[in-house]
Amino acid sequence: MDCNGCEFHPELFYDDEYQIWLRREDDDTLTVGMTDLSQTIAGKIIHVRVRRPGTRRPPGKPVATIESGKWAGPIPNFIDCKIVEGNEEVLENPVLLNSDPYNAWIARVEATNGADAALAEFVTGDKAHEGYCRRAREDDIECQRKLR
Amino acid sequence: MPDRDQNRLRILDTGLRPAAENMAFNRALLECHQEGHSPHTLRFLQFEPCALVGFHQNVDQEIHADYCREQGIAIQRRITGGGAIYFDATQLGWELYLDKQFLGTADMGRIAERICTAAAEGMQKLGVDARFRPRNDIEVDGRKISGTGGAFDGDSILYQGTLLIEFDVEDMLRILRIPAEKLSDKAIESARDRVANMATLLGQTPDLDYVKRTIAESIAREFAVEAAPADLLPEEDAAFREALAEIDSDEWVYQRNRPATDAPLHEAVYRCDGGLMRVGAAVDPERSHLKQLWITGDVFVKPTRTIADLEASLKDTPVAEMEDRVRAFFGEREVEMLQLTPDDFVAAIRAALVQAEAEEAAE
């Protein structure tokens, strides 16, 4: 399922630029992470900050920020949600986002209108695979999970 | 994708401002650029005396805050990454607001390199041999003359740098908590060896307008765009006021990303046939990460910038990777050393790291 060496998981949900992935949990919360494409573009990540649990975040207001090299910026957020928790392991060791982007989740959030309504805006499965590969090709991204 | 003129660069000069206003401009202009309202922009800025921490840093870890308050030096938080800096009117700030389409790449490392190379060319035109040094600094013969950092939001980026016109290293050491100050009695000389400024290099203080014009021309040439001065747009001004209200506050400046993981400096002295090396290592114990190294000594290494480059290449390195990195560093370049080998550097750094572990265990 890989494209240009970039790992892809058909069961996850993605934004239309394949920057983040979302997974629905049994308790109807959503887990948010960075895609292999995103971590590759970002380079070695040295800081991650997740907003305080309980904070409400509307679309466009980030759930988390990262810093790599000397770049700082948001992990994009597209849904109206409330922060449930940040991944302590990743906060302690941000470079896990580079080495294992699909296990190293960033935050769990609760979608204001429920997980189903939120996920309806995202792509998954074959359609996502196609778009993911297209982005890797068009932006000429060769994924590297090795630490730089 | 916003309908923006990809062939024009606005030159915006916001003059001398308090730190909070300059930070609010960063937020407002990046936001307006991301929303498609702002043109691609090169901004020149100057600061009233201030200490600025990087976006994810903690003020108390990076800055002598009490000293700043006594001296009336403002403390602010940038929206860009990187380390703490001291800024005053003797430095010129430059920054670019562009998008990934304009830059032709989404790779953050390549974007930083391209912008720094363009800015360095401008500095060359001013008569100093400025070059990009990987990991985002512009240097002259191994000494930093411009530190840089960036922020991104969607497809828009802000990339900014300082240019040291005149610079007082002693002021910087009093304001920033740079572990180098503890390194030796010769701390100031040692810090002075690591930074360069235009006035000293040129033998006179260059005219600021001339500096701005020259840098703008080089950047316009590098990106093949027409650059022309223009004012702030009304929507940018509104966004600026809104951003200022949030940024000019203790909540913004003193926010903590997470409990402080102090990275104390651990020192070791290493003797070998080639001389004596003193290594200071700032280690983040929770992450087993080497944050930064300082190496001094009476060893002979040519080119002389090698040690500064080695320090730069080992910034933010997992402790477990240190040895491989040092060997790879020396494997990649020709270095002349007198009775000194890469093994000596590995051993000297390891000595400082052992010290770090011992002190950590004792706490």
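In what order do the strands of the open sheet in chain B come? This is a predicted model, and the legends below take up that sheet and a few other close-ups.

**View 1. The open four-stranded sheet of chain B has the order 12-13-14-16, with antiparallel pairing.** Look to the edges and you'll find strand 12 (265-272) and strand 16 (317-318) of chain B. Each has a single partner strand, so one side of each is left without a neighbour in the sheet.

**View 2. Here strand 14 (residues 289-297) of chain B meets strand 16 of chain B, and the two pair in the antiparallel sense.** Two bridges hold the count for this pairing.

**View 3. Chain A and chain B touch through 20 residues from chain A and 26 residues from chain B.** Sorted by class, the side of chain B that touches chain A has 11 polar, eight charged and seven nonpolar residues.

**View 4. Strand 7 (residues 71-75) of chain A runs parallel to strand 9 of chain B, and two bridges join them.** A handy landmark is Trp71(A), found opposite Gly150(B) in strand 9 of chain B.

**View 5. In chain B, helix 1 (residues 19-34) and helix 11 (residues 234-247) have axes that come within 8 Å and cross at roughly 130 degrees.** Angles over 145 degrees would count as roughly antiparallel and those from 65 to 115 as roughly perpendicular. Helix 1 and helix 11 of chain B are therefore oblique to each other. As for handedness, helix 1 of chain B passes helix 11 of chain B in a right-handed crossing.

**View 6. Now for the residues where helix 1 of chain B meets helix 11 of chain B.** From helix 1, the residues in contact include Ala20(B), Met23(B), Ala24(B), Phe25(B), Arg27(B) and Leu29(B). Among their counterparts in helix 11 are Glu235(B), Glu236(B), Ala239(B), Phe240(B) and Leu244(B). By class, this contact has 12 nonpolar and five charged residues, with no polar ones.

**View 7. Stepping back, chain B is divided into domain 1 (8-253) and domain 2 (265-362).** The C-alpha centres of these two domains of chain B are 29 Å apart.

Terms used. Residues numbered from 1 in each chain as written. Chains lettered and ligands numbered in written order. Predicted model: local features only at pLDDT ≥ 70, side-chain atom pairs only at ≥ 80, totals over all residues. Pairing = 2+ DSSP bridges. Contact = placed C-beta atoms within 7 Å. Nonpolar A, V, L, I, M, F, W, Y, C, P; charged D, E, K, R; others polar. Axes fitted to C-alpha atoms, helices over the stretch in contact; angles between N-to-C directions. Parallel < 35°, antiparallel > 145°, perpendicular 65-115°, else oblique. Left-handed = near helix turned anticlockwise from the far one by under 90°. Domains from an automatic or database assignment.
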